[in-house]
Amino acid sequence: MGTGHITALVSAAIASAILVVSPLGAKPASGLGVPDNPFAKRLLQAHNGERSRVGARHLQWSGKLAQDAQQWADHLARRGTLEHASYEARDKAGENLWMGAAGYYSAETMIGGFIAERKDFRPGKFPDVSRTGRWQDVAHYTQLIWHDTRDVGCAVAKGRVNDFLVCRYFPVGNWIGQQIG
């Protein structure tokens with residue numbers, strides 16, 4: 001197995017980060033539909049607000065990534081648990097997952113969970129980018145601000161107890177040995 005293949009496999013694992021939160025009393029969030037849906041716009045704005053803060057170019061909304069994310073979010077909602085789609089099943093896109101009590105969270109709060117990892121982020125070569133020494137503590141954040149990522153598509157599905165957010169990113173971020181920040 002060549003170094004490039006190993007790097008791709010490790011990067012695929014690193015791009016698969018999960019975030020679970022409990023209710024904070026935020027206003028109920030709407031479901032996600034087509035890319036011109038106001039909720040989808042707010043998800044994209046939340047991403048791009050943080051990308052602007054760090055000097056990264058804005059992401060473009062991808063209907064295909066959003067459609068794929070919706071299928072996976074629906075799957076997670078049916079199962080009632082978080083798990084990443086395989087790297088191949090998500091067409092080699094990065095993936096951030098979030099789960100919280102159904103109807104309590106806004107788009108900004110959901111994406112804010114990824115952005116909150118900024119407190120442990122330090123610029124450097126991936127995976128040496130966390131003040132805690134664990135790249136997993138910043139993997140949502142680094143995918144969100146990854147300099148080469150151009151497109152994002154997100155979707156939310158309501159389960160019996162929780163809402164499930166799936167965001168897909170292309171090209172995938174979190175590549176071993178690449179500088180971030």
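Reader: How many helices and strands are there in the protein chain?

Author: Helices (H or I, at least four residues) and strands (E, at least two) are DSSP runs, numbered from the N terminus. The protein chain has 5 helices and 7 strands, in the order α-β-α-β-α-β-α-β-α-β-β-β along the sequence. This is a predicted model, in which local features need pLDDT of at least 70, side-chain atom pairs count only at pLDDT 80 or more, and totals for chains, interfaces and linings use all residues. Residues are numbered from 1 along each chain as its sequence is written, and side-chain values use heavy atoms, with hydrogens and water left out.

Reader: Which residues touch the most other members of the largest nonpolar core?

Author: In soluble globular proteins, nonpolar side chains tend to be buried together. A nonpolar core is a set of buried (under 20% relative accessible area, 1.4 Å probe, protein chains only) Ala, Val, Leu, Ile, Met, Phe, Trp, Tyr and Cys residues joined through side-chain atoms within 4.5 Å. Here the largest core has 31 residues, and Ile111, Phe114 and Leu165 touch the most other members. Another core, of 13 residues, lies apart from it and includes Leu76 and Met99.

Reader: Which peptide bond is cis with omega about 10°?

Author: Most residues other than glycine have a negative phi, and most peptide bonds are trans. The bond joining Phe126 and Pro127 is cis, with omega about 10°. Pro127 sits in the loop between β4 (124–125) and α5.

How values were computed
Buried < 20%, exposed > 50% of the residue type's maximum accessible area, 1.4 Å probe, protein only.
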